[in-house]
Amino acid sequence: MNPAPGPDEPLHLHLISDSTGETLESVAKASLARFEGAAAVKHFWPMVRSEGHLDRIIAEVARKPGLVIYTLVDGAVRDRLESRCATLGLPMVSPLDPTISALSELLGQAATRRPGRQHVMDQAYFRRVDAINYTMVHDDGAQATPDELEQADIVLLGVSRTSKTPTSIYLANRGYKTANIPLVPQSPPPAHVWQITAPLLVGLTTATDRLVQIRRNRLLSLGQTPDTDYVDAERIEAEVAFARRLFADHDVPVIDVSRRSIEETAAAIINLYQARLETRA
């Protein structure tokens, strides 16, 4: 069996996990990003914890051969997968093995054999749930009272379509309570926004031409005509300048999201947050 794709065929990636498969999804996404133009079809096989379940999956894998990426704790299930892949001539990789082996050696203890331990409902889990709830309630300037904002870990500010909401949600999934406030020249934020002390304030900005295109696409997706002041380049440039003045006046760190993904923007914000904690320690 040849798992290599033909010139006009996609590569099949089979992600087999005894948990949710989130780890494998991240590994596959990060790895594929290193290959420009690579066409791949990802097949997700989560919660595989028995040999019978695995056999049904292998039958499907054999129909669309490709690379098998797996995280399996149970020794019998893992051995069966490796044996079947070898018989079928399929390449396979367990991406966590090198890290687990290194940790085991350094810690002087064997790794546990309980699948899905990273998803247990511990204190960190409930902190993420709390952060998500807070962030959803405090989106786009909602409930931006002094008491409510002081409960946040991070407050994002920026003009419309600077990725405030998706970045807030991503941060919430990392456990950070995040509020976001739109900046509109005709309706500046209340003075108490600049007086809160507990949260980290971060300004988001972007290039004017990119913002014009994003707003234009947004209106088109809503079935609206993109010929309003909302997409006027001069007006947008004035909005961006207004926001930058506010950031400078109130010593708010600024992140330009023009060429950053949501994940990259969030990583930069988390770095700022951690640095702030260290200076206050």
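Colleague: How many helices and how many strands are there in the protein?

Modeller: Please bear in mind that this is a predicted model. The elements are DSSP runs, where a helix needs at least four residues and a strand at least two. On that basis the protein has ten helices and eight strands.

Colleague: Among contacts between residues at least 6 apart in sequence, what percentage joins residues at least 24 apart?

Modeller: A contact here requires heavy atoms within 4.5 Å. Among the contacts between residues at least 6 apart in sequence, the share that joins residues at least 24 apart is 75%.

Colleague: What share of the accessible surface belongs to carbon and sulfur atoms?

Modeller: Of the 281 residues, 35% count as buried. The accessible surface of the protein comes to about 16,000 Å². The part of this surface that belongs to carbon and sulfur atoms is 52%.

Colleague: How many aromatic pairs are there?

Modeller: Two rings pair if their centres lie within 6.5 Å, and planes over 60 degrees apart make the pair edge-to-face. Applied to this model, the rule gives a count of two aromatic pairs.

Colleague: Why is the pair of Tyr125 and Phe126 classed as it is?

Modeller: The ring centres of Tyr125 and Phe126 are 5.3 Å apart, and their planes stand at 85°. Tyr125 is partly exposed, at a relative accessible area of 27%, and Phe126 is also partly exposed, at 48%. Because the angle between the planes of Tyr125 and Phe126 is 85°, the pair is edge-to-face.

Colleague: How many residues apart in sequence are the parts that the pair of Tyr176 and Tyr273 ties together?

Modeller: Tyr176 and Tyr273 form an edge-to-face pair, with 5.2 Å from centre to centre and 80° between the planes. Tyr176 lies in the loop between helix H7 (164–173) and strand S6 (178–182), whereas Tyr273 belongs to helix H10 (residues 262–280). The pair therefore ties together parts whose separation in sequence is 97 residues.

Colleague: Are Tyr176 and Tyr273 buried or exposed?

Modeller: Buried means a relative accessible area under 20%. Tyr176 has 11%, and Tyr273 has 13%. Tyr176 is therefore buried, and Tyr273 is likewise buried.

Colleague: The charged end of which residue sits over the ring of Tyr230?

Modeller: For a charge to sit over a ring, NZ of Lys or CZ of Arg must be within 6 Å of the ring centre and within 35 degrees of the ring normal. Over Tyr230, the distance from the ring centre is 4.5 Å, and the charged end belongs to Arg215.

Colleague: With which side chain does the side chain of Ser94 make a polar contact?

Modeller: Ser94 is in the loop between strand S4 (92–93) and helix H4 (97–107), and it counts as buried at 10% relative accessibility. A polar atom of the Ser94 side chain lies 3.4 Å from the backbone oxygen of Tyr70. Beyond its neighbours within four places in sequence, Ser94 is in contact with Tyr70 and Arg78. The side-chain to side-chain polar contact of Ser94, at 3.0 Å, is with Asp97.

Colleague: Which residues does Phe242 touch, not counting those up to four places away in sequence?

Modeller: Phe242 is found in helix H9 (residues 233–249) and is buried, with a relative accessible area of 13%. With residues up to four places away in sequence set aside, Phe242 touches Leu183, Val184, Pro185 and Pro188.

Colleague: What is the value of phi near which Met47 lies?

Modeller: Met47 is placed in the loop between strand S2 (40–45) and helix H2 (51–63). At 42% relative accessibility, Met47 counts as partly exposed. Its phi is positive although the residue is not glycine, with a value near 55°.

Technical notes:
Residues are numbered from 1 along each chain as its sequence is written. This is a predicted model: local features need pLDDT of at least 70, side-chain atom pairs count only at pLDDT 80 or more; totals for chains, interfaces and linings use all residues. Side-chain values use heavy atoms; hydrogens and water are left out. Rings of Phe, Tyr and Trp (its six-membered ring) pair if their centres lie within 6.5 Å; planes under 30 degrees apart count as stacked, over 60 as edge-to-face and the rest as tilted. Buried means under 20% relative accessible area, exposed over 50%, partly exposed in between (1.4 Å probe, protein chains only). Accessible areas come from the Shrake-Rupley method with a 1.4 Å probe; for residues, only the protein chains shown count as cover. A polar contact is a pair of N or O atoms within 3.5 Å; within protein, one must be able to donate a hydrogen and the other to accept it, and residues adjacent in sequence count only if both atoms are side-chain atoms.
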